[in-house]
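Here's a quick briefing to read alongside your model. Have the sequence and the 3D view open as you go.

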Amino acid sequence: MLTRKTAFLLIVLSLFFAAAAATRAQLRFEQWNEENGLPQNWMKGILQTRDGFLWLTTGQGAARFDGVRFKVFNRSNTAAMASDRFSLYAIHEDRAGNLWMGTEDGGVIVERDGVFSSITSAQGLPDDGVFRIDEDANGAIWIYTANGLAKWENGKLTKIAPMPDSPFNKFLNAPPNFGAEAKYFGFWRADSAGWERFAHGKWERFPLPPEVKNTAQAQIGTLIEDAKRRVWYSLREKPQQIYLVENGVLTKLPELAAARSFFYRDSQERFWILDRNNNLAFIKNEKITSLNIAPPGFKSVFEDREGTIWATTENRGLYQIKKRIVDVYTNPNGANNMQPLMQDRAGNVWVGSGGLARFDNGIFENFYHAGLSRSPTFERNVLISLFEDTDGSFWLGVRDGIVRFRNGILERDENLSAQIKGWIHAIYRDRTGDLWFGSEEGLYCLDRAGKLTRYGIENGLPSPHVRVILEDKNGTVWFGTVGGLARKTENGFAALGEADGITPARISSLYEDAQGFLWIGTYDGVLYRLKTEAGAARTVRYATEQGLPYDAIHKILEDDAGFFWIGGQRGIYRYRRQELDEIAAGQPIVLTATRLGKDDGLLSASINSWGQPAGFKARDGKLWFPSEDGIAVIDPRDLPFNSAAPPVLIEDCLIDRELVGCAPNLQIKPNQENLEINYLALSFIKPEQMRFKYRLEGLDADWIEAGTRRTAYYSHLPSGDYTFRVIAANSDGVWNETGKSLTISVLPPFYRTRWFIAACLLIIGCAAFLIYKIRINQVEKRRRAQEDFSRRLINAHEAERRRVAAELHDSIGQTLAMIKNRAVFGAQTTENLAAAHEQFDSITAQTTQAIGEVREISYNLRPYLLEQLGLTKAVKSLVKKIEEVHLLEIEARIDEVDDLLSNEAEMSVYRIIQESLNNVAKHAETDAARLLIRRIGDSITIIVSDDGRGFDKNAAPKIDASRGGFGLLGITERVRMLGGTLDIQTANGGGTKLTIKIALSSK
């Protein structure tokens, strides 16, 4: 039996170990070694250059680190490197941005913008073994070698020692009463006044503590100079007493009894040491915190500009030390799949962990059913939901029913367990006093009278499977189901759907913020923000396109700084409330998430929401989440907002997969097609979560969201000048809007060069001028032809008028005159009837002749048969008349072509045939001709041919108005006006054939 003293001792020890575990949990570390890309695990030097890179030197090369990848430089890929064996601590960046690195046997390696050069004994260096490099106030670089000292100034190397009469000759070796590493931190000398150190180009008094009486015999034990030029040392006779020399001032630090050696004091006033167990640790406020990592040979500790601590080792590579963001607490009973999790009114934390457990300061107190199994898998120990009632008792939903917890005793409620079906995921009592149970098979309400009522789809719920219940500040009770969201109304339940902006989904979490917005999380990774005003719902939807990960939303919490924390299956995500509001206002931004996972302390990345409540914000502001492996606790203040925009760099460029570097003006030749640009941003706080955007000005209309991808690809770029721009945001979404840019010139192929285009333009210009001249000549020729035609046409009209006038005068006029004379003569011979009859007979004959002549003239002007009988019969009549008048035998084959053309077109066709046959009769000198009129499809074909003497087509056409026409010129013009075609086949002595085609659209 344990005595009180023993029990008290055990309690103290358990509290001590719990506190020790919590202390160790404050920090976490990540290791990089040869497997991660380091050239060697033996670290020599570490430095962060002004562009943000972390440079590391090892025994087998140097490496540049951007937080994600190492880029290694050694003799195999860098011609300027005569040696891969770099020296301890010998790394320095000068004020001009040059990086200086000393080697053990290859002199100094200098890097600037990716270009390396070297300074060796061949250029005058006293020795190729370099152990220190520093810079004086004037910018001169001092190089300390194994056998001498040199200075590089204004591009020139000057050997300082050993040289004749050089005052440094006697200080090249470290004093025997100094530690082995003293030489790495300068040259030393001692006199009666004390110690002096030559560093950074000058001698400075090195203060020793007042208790050292004989300064010349002072025994220096450990000595180190950190990246801030502070010197730390101890005396051999008292190694735990540390002295700090900063700007020439000596500070005696508290004695570090736990320290074995020391390294650095960071910006948080933590003093980094190796403890007596050889573990890396730090001391703050006289309290030691161990990291519980003890790789032998820790050489240095370094703090970068973002406050991240780095430690180098002799044989374990590089360690990054960060504050542990997530503290995880596990239950000794082994049931660490935690659910549900809540804080009661008194501030106690309760969790379902293979039973009901109360958690306090790292200690779990488990409660089980009296007399029943304490196995975490026992049905009544598998807790799904938990609720604290108004009297301080608890309602528990377990696998087989309802359990009450009062006064430390678990008691099954047999009545409710028998009536409520399915596992109960949520329990809640609203302000009216009704107690709600959300189960897999319905929603149950236990009213104040003790009556239990079940509700389901028939009552307006979108699904009977209820997962979460919440009552908002207005008293509205909300129910999240696997089929969507519903609220309690006076008449039952109202489900929210598409009309309210909410797609039916499996609801997993509900949260109401201080502004009255209801936030709705789903198992599908969609988040909604809802506010109901005047009966109308205003909903904002957030999904992957707005920056949410494709992850279930198991719990929504909000911290005191306005950040939203969402627990999911892949970790815990932090979002800025400001960005959520900006999206709600319609701004096209993408959310930035800071993700916490196993690297941040979670034992399991999956946060539970199987039972409710699934976490809470405690009174001290900490956030509590149940996970599949312990309780995860986050103090949001431990994850400060990183307001520093990350530097952006374009690392290298590849054309057709060949590395070409990134010159200020990158040129792509005509036969090169594929361009690859690798870029990066420098932040060592969650570098894997940095995001990028890029655009190629001149091609891309807008920024391209690259996410975490660090490469841009372009292929088949058109020739021209472009500017590639890339910007980046750190893990907290702070963008470097300036970013980095690169000018790109895509050279055109020869046929797109200026000289080629100029030559082509000249040729085209000449050709255009030639074509223009030809065209002008053609137009002029046509103009002259048109003028000639118009002149001929006028002449023809005048000739026609003269002919008609002559016919009227010579025939009709004379006939009428004769009729008149005979009429007068007849009147004078009225008494002689025989003579009178003779005169009247003559008048009748002459009148008949006049009428015939008038008809002939009229027919020539307008054939009346065309209007009375149609085109077909008029043409046949024309053929007969020409045969009779000209004794010409015409073989005619004429199709029925009436009513196919307009009246004007029929007249033109008639005149064409008339002119053609008249031409044959008058000029062909033949007694036979042929006429063919055929209707073929949607056109009429007219062929007039003879075997006469033919003619020369190239001769000028002649107008023949004697028969009312004007020859081929008139035929050609009439065919053109009809939109037809005319083909003339003739030769002197070879006959003539005219083929005319007229489309029926002429009607």
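This is a predicted model: local features need pLDDT of at least 70, side-chain atom pairs count only at pLDDT 80 or more; totals for chains, interfaces and linings use all residues.

Residues are numbered from 1 along each chain as its sequence is written, and side-chain values use heavy atoms, with hydrogens and water left out.

**Confidence**

- The chain averages a pLDDT (the predictor's confidence in each residue, from 0 to 100) of 86, and 88% of the residues score at least 70.
- Residues 1-25 have a pLDDT below 50, and beyond near neighbours in sequence this stretch has nine contacts in the model (contact means heavy atoms within 4.5 Å).
- Residues 959-965 also have a pLDDT below 50, with 23 contacts beyond near neighbours in sequence.

**Aromatic pairs**

- Searching the whole structure turns up 53 aromatic pairs. Rings of Phe, Tyr and Trp (its six-membered ring) pair if their centres lie within 6.5 Å; planes under 30 degrees apart count as stacked, over 60 as edge-to-face and the rest as tilted.
- One of them is tilted: tryptophan 32 and tryptophan 310 sit 5.8 Å centre to centre, with 35 degrees between the planes.
- Tryptophan 32 is in strand S1 (residues 27-32) and tryptophan 310 in strand S26 (residues 309-313), so this pair ties together parts that are 278 residues apart in sequence. Helices (H or I, at least four residues) and strands (E, at least two) are DSSP runs, numbered from the N terminus.
- Tryptophan 32 and tryptophan 310 are both buried (buried means under 20% relative accessible area, exposed over 50%, partly exposed in between, using a 1.4 Å probe and protein chains only).
- Tryptophan 188 and phenylalanine 206 make an edge-to-face pair, 4.9 Å centre to centre and 85 degrees between the planes.

**Charges over rings**

- Arginine 230 places its charged end over the ring of tyrosine 264, 5.4 Å from the centre. The rule here is NZ of Lys or CZ of Arg within 6 Å of the ring centre and within 35 degrees of the ring normal.
- Lysine 488 has its charged end over the ring of phenylalanine 493, 5.6 Å from the centre.

- Glutamate 512 belongs to strand S45 (residues 507-512) and is buried, at 16% relative accessible area.
- Leaving aside neighbours within four places in sequence, glutamate 512 touches residues including Leu470, Glu471 and Phe517, and its side chain reaches the backbone nitrogen of lysine 473 at 3.0 Å.
- Lysine 299, in strand S25 (residues 298-303), is buried at 13% relative accessibility.
- Beyond neighbours within four places in sequence, the contacts of lysine 299 include Tyr89, Glu181 and Glu314.

**Cysteines**

- There is one disulfide (a pair of cysteine sulfur atoms within 2.5 Å).
- This disulfide joins cysteine 653 to cysteine 662, S to S 2.2 Å, and is right-handed, with 110 degrees about the S-S bond.
- Cysteine 653 is buried at 0% relative accessibility, whereas cysteine 662 is partly exposed at 28%.

Definitions and conventions:
A polar contact is a pair of N or O atoms within 3.5 Å; within protein, one must be able to donate a hydrogen and the other to accept it, and residues adjacent in sequence count only if both atoms are side-chain atoms.
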